[in-house]
Amino acid sequence: MTAMALQMEPGPTLVDDRVIQALAAPPMYHQSAEFAEMMDETCELLKQIYGTAGEVVVLPASGRGAVESALASADPVDRPLVVPANGTFGRMMAAIGGSLGMRVVELKHDSGQPLAVHDIEAELDRHDKPVLGVVHNETSTGMVNDLAEYAELVHRRDGLLLVDAVSSLGGTAIDFDDLGIDLCASAAQKSVGAPPGLAFVAVSERARDEIEGRRRPPLGYYLDLLRWWDQWVPRERGGRLKSGYRRLPWTMPTNLVVALRRALELTAEEGIEERWERHRRTGAGLRAAMAALGMHPVAPPGAESSTVGAFRLPGIDARTLRRRLAQRHRVHIAGGMDGDAATVIRIAHMAESARPGPQLHTIAAVAYELSALGVRAATDPTRDFLAAWCAE
Ligand SMILES: Cc1ncc(COP(=O)(O)O)c(C=O)c1O
């Protein structure tokens, strides 16, 4: 896993060796019965980590492809998109809506600022059938946005709730059905623990009805979610199979699906709740270690992400630190986004990077380089990591 370099950027992240080994097989014919079985098993496992009994569409795309396909499929021309954006990926969702010709209302927040529910409600009141788009886990700031209140607000106005869970799915509870989410986009390469190249959209009954009842052709052909029901979902599961038999709407990258299924099997073996807990404890450990080094999370207390830590540096240029970590230790961490490249570092704790081994290696290298740059640790950061990791 770590033979080449320690890849601690927030995705693509470290994956289990058994997932890498699953890639090494001949490609399969994507319309074969054998591959259909593989897809069905993969989708069942995906439903478990989403917390849904409904359909999860698998797309040959990256995370933003899933966000775009969700928006483009749901009759976007008449619908306003309200996006409370408190980070890079909220702003990206607004830009995707704009590129599709939606009327986008971006509720601007500073990066890392909690979302203002009252402002969101007031904005939703101004629109008919809005789509409310929320990023669950802002990878740019290491901040989690609480999803609890939004479904009710938006459904009262006949709207849909779209959630970007690209960096949280698999590492943080989503509870798609219980929370009343309508469309939830995610991808393989972060907390799900698989290689990049596949993305997913979980779709509620309500969203599916809206998509089916749309009055206009979708914006685009390739990633139109309705194709999944038209071509792939059997009639007994609510599909529409126009030709009468199942055919995947796209040529699937079959090796990636095999690897994804392996990752999801390993997640099922671990237990999804145990996995969320592992991510949470690793995040707490990393924050304790960084505090010993004088670094504090960009996210406000209580809203720290379970899958990525973003920290402000104590008077050192983050680019210098990252360069030294890469050159001298082969430890690769990310910098801040949106103008924060010099002041913020980001360290993943997702999938296989959410374990003491890679974290302690990274923390030791950060402490060593900070010390060389004149920053002394207040306490032992590796000890502080372990104390927090072992605490509960
Ligand atoms: C929260 C979030 N949304 C969307 C994306 C975009 O995903 P992708 O780069 O796979 O298109 C990312 C990528 O980091 C992300 O973290």
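How many helices and strands does the protein have? The protein has 14 helices and 15 strands, counted as DSSP runs (helices: H or I, at least four residues; strands: E, at least two) and numbered from the N terminus.

This is a predicted model, in which local features need pLDDT of at least 70 and side-chain atom pairs count only at pLDDT 80 or more, while totals for chains, interfaces and linings use all residues. Residues are numbered from 1 along each chain as its sequence is written, and side-chain values use heavy atoms, leaving out hydrogens and water.

Here is the overall picture.

| Property of the protein | Value |
|---|---|
| C-alpha span along principal axes | about 65 × 50 × 35 Å |
| Buried share of the 392 residues | 58% |

Buried here means under 20% relative accessible area, with a 1.4 Å probe and protein chains only. Among contacts (heavy atoms within 4.5 Å) between residues at least 6 apart in sequence, 71% join residues at least 24 apart.

Now let's visit one residue. The UniProt record, in an unreviewed entry, lists Arg346 under "binding site"; such annotations may be inferred rather than shown by experiment. Arg346 lies in strand 15, which covers residues 344-348. Its relative accessibility is 8%, so Arg346 counts as buried. Beyond neighbours within four places in sequence, Arg346 contacts residues including Met8, Pro10, Ser140, Val308, Ile333 and Met337. Thr139 is also among the contacts of Arg346, and the Arg346 side chain reaches the backbone oxygen of Thr139 at 2.9 Å.

Notes. Buried < 20%, exposed > 50% of the residue type's maximum accessible area, 1.4 Å probe, protein only. Polar contact = N/O pair within 3.5 Å; in protein donor to acceptor, adjacent residues only side chain to side chain.
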